[in-house]
Amino acid sequence: MACNAVHADDITISEESRTDGMALVTQEDGAAPFVIDAADAEVVATAAQAVCGDIETVTGVRPAVLTSVPSAGTAVIAGTIGQSSLIDGMVESGRLDVSGIKGKWEAFGLQMVENPVDGLDKALVVFGSTPRGTAYALFEISRLAGVSPFIWWADVAPQKRQALHVGGDRTLVGEPSVKYRGIFINDEDWGFQPWAAKNMDPDRNNVGPNSYAKVMELLLRLRANTLWPAMHLCSEAFWANKANLPVAKKYDIVLGSSHCEQMLRDNEWEWRRWGDGTGTYENWNYVTNKEKIQQYWEERVIESKGFDAIYTPGMRGVHDWAISGYPTTEDKVRGLTEIIGFQRELLQRHIGDPTTVPQIFIPYKEVLEAYNAGLQVPEDITLTWVDDNHGYIRQMPTKSEQARSGGNGIYYHLSYWGTPQDYLWLCSTSPSLISYELSKGYEYGIRNLWIINVGDIKPAE
């Protein structure tokens, strides 16, 4: 298509030097440092250190990460608009134009800037509209240097290079087409959990902060942002191990939970251990045990304040069982209406206006029957549709559902344990089917949340 706009050359990284470029690494002169603002979000420093590790893997030379600008030479300057004095200073001085991404969701840019700050000759400036945007911008350097996002998880060794040189003028990457993008670790009993217990978190003999740090780094490298943690009975609940919580902050990952794990609770691990330890499958019943269940949900809502989280209202059985206490579909509609109303009150009481707090409602199995029978889900909650466990999306949103302020999402299986047929280690859903179904879902307005059940991660990578 013809276009009147003049586009600058995209940023590139190669082994060959360019007269108009900048050396990122040479064997003779070492590496240009990465400079960040200490007041910026923690994820910026996290990503910067990871990228410097990638550069060392490629070249054998590791750049330093600094919080003050060198007095001379060149550098990579990374920061978030509105949170980095370095970025904001270049904007105010007219050296950097961020108008194309400012105020947008997770957008980012990379730009070569002459004399970016006093003393520096040139810098590759990477900037984000949000802290995660800045992390994605930093990991774009790794991508351009030939580093796969699966460098660690799939042992993808990058090609070795003697030097890395930056060329081009400017690259801008706009908002992602799906707002929340991530994975669900599930059916982890034979792979992820025993591996993590033995190799990553032996002090807990379970999945723990070291395991989740590697998962969350993978998500950032893939430009994802959301995690539903492992939740089978063998895995210690994410929120039960308080050492996991700083990891979510460090990697700036949004925490959520599945269709049977309401309000960030992990019922399989937590319900039987919570309070007086009398929780069972049988007394997970809102009709007969309402007060205790309400207290159980409220404790987690209070604990989660200050975390980036997506809450799952509603109710199902403890572990993927049908909801108890409501024998007919009409009973389920009435019961879920009451339950969701109470959960929204908890958010109002402890987090803020529930219409501004991310929430998803997942009409899965018998809950889909209740929804189709007339259950009214508040307008701002994201309706999260489900495939048939084998890659075919069961039900697409109607025109009126597409118009909801909360939008639509998808919970999609690449791994499954259950009837009529398991597939846990042989990924039988073809890439062409995945592409077809998810693209179809996108065209039907499923654009607010994509969560992929990847089982143990490794087989479905």
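This briefing covers the sheets, a helix pair, the pockets and the cavities of one structure. The model is predicted: local features need pLDDT of at least 70, side-chain atom pairs count only at pLDDT 80 or more, and totals for chains, interfaces and linings use all residues. Residues are numbered from 1 along each chain as its sequence is written, and side-chain values use heavy atoms, with hydrogens and water left out. Helices (H or I, at least four residues) and strands (E, at least two) are DSSP runs, numbered from the N terminus.

**Sheets**

- Six strands make an open sheet with mixed pairing, in the order S5-S4-S6-S8-S7-S10. Two strands pair if DSSP finds at least two bridges between them.
- Strand S5 (65–66) and strand S10 (170–173) are the edge strands of this sheet, each pairing on one side only.
- Strand S4 (residues 34–35) pairs with strand S6 (residues 74–80) in the parallel sense, over two bridges. Phe-34 stands opposite Val-76 in S6.
- Helix H2 (residues 85–92) lies across S4, S6 and strand S8 (122–128). H2 runs at about 100 degrees to S6.
- Four strands make an open, antiparallel sheet in the order S1-S9-S2-S3. Strand S1 (12–14) and strand S3 (30–31) each have a single partner strand, so one side of each is left without a neighbour in the sheet.
- S1 and strand S9 (residues 164–167) pair in the antiparallel sense over three bridges. Ile-13 stands opposite Val-166 in S9.

**Helix pair H1 and H3**

- The axes of helix H1 (residues 42–59) and helix H3 (residues 131–144) come within 9 Å and cross at roughly 5 degrees. That makes H1 roughly parallel to H3 (angles under 35 degrees count as roughly parallel, over 145 as roughly antiparallel, 65 to 115 as roughly perpendicular and the rest as oblique).
- Axes are lines fitted to C-alpha atoms, for helices over the stretch in contact, and angles run from 0 to 180 degrees between N-to-C directions.
- Contact (heavy atoms within 4.5 Å) involves residues including Val-43, Ala-47 and Asp-54 of H1, and Arg-132, Leu-138 and Phe-139 of H3.
- By class, this contact has 11 nonpolar, two polar and two charged residues. Ala, Val, Leu, Ile, Met, Phe, Trp, Tyr, Cys and Pro count as nonpolar, Asp, Glu, Lys and Arg as charged, and the others, Gly among them, as polar.

**Pockets**

- On a 1 Å grid over the protein atoms alone, a pocket is an open set of points with protein on both sides within 12 Å along at least five of seven lines; a cavity is a set where a 1.4 Å probe fits but cannot get out; lining residues have an atom within 4 Å of a point.
- The largest pocket has a volume of about 560 Å³ (the space filled by probe spheres set on grid points, which are joined across faces, edges and corners).
- Its lining has 20 residues, with Gly-182, Ile-183, Leu-222, Ala-224 and Ile-452 nearest the centre. By class, the lining has 15 nonpolar, two polar and three charged residues.
- The second largest pocket holds about 320 Å³ of space. Of its 21 lining residues, Asp-187, His-232, His-319, Asp-320 and Trp-417 are closest to the centre.

**Cavities**

- The whole structure has three cavities of 30 Å³ or more. About 130 Å³ of space lies in the largest cavity.
- The largest cavity is lined by 17 residues, and Pro-229, Gly-256, Ser-257, Arg-265 and Asp-266 lie nearest its centre.
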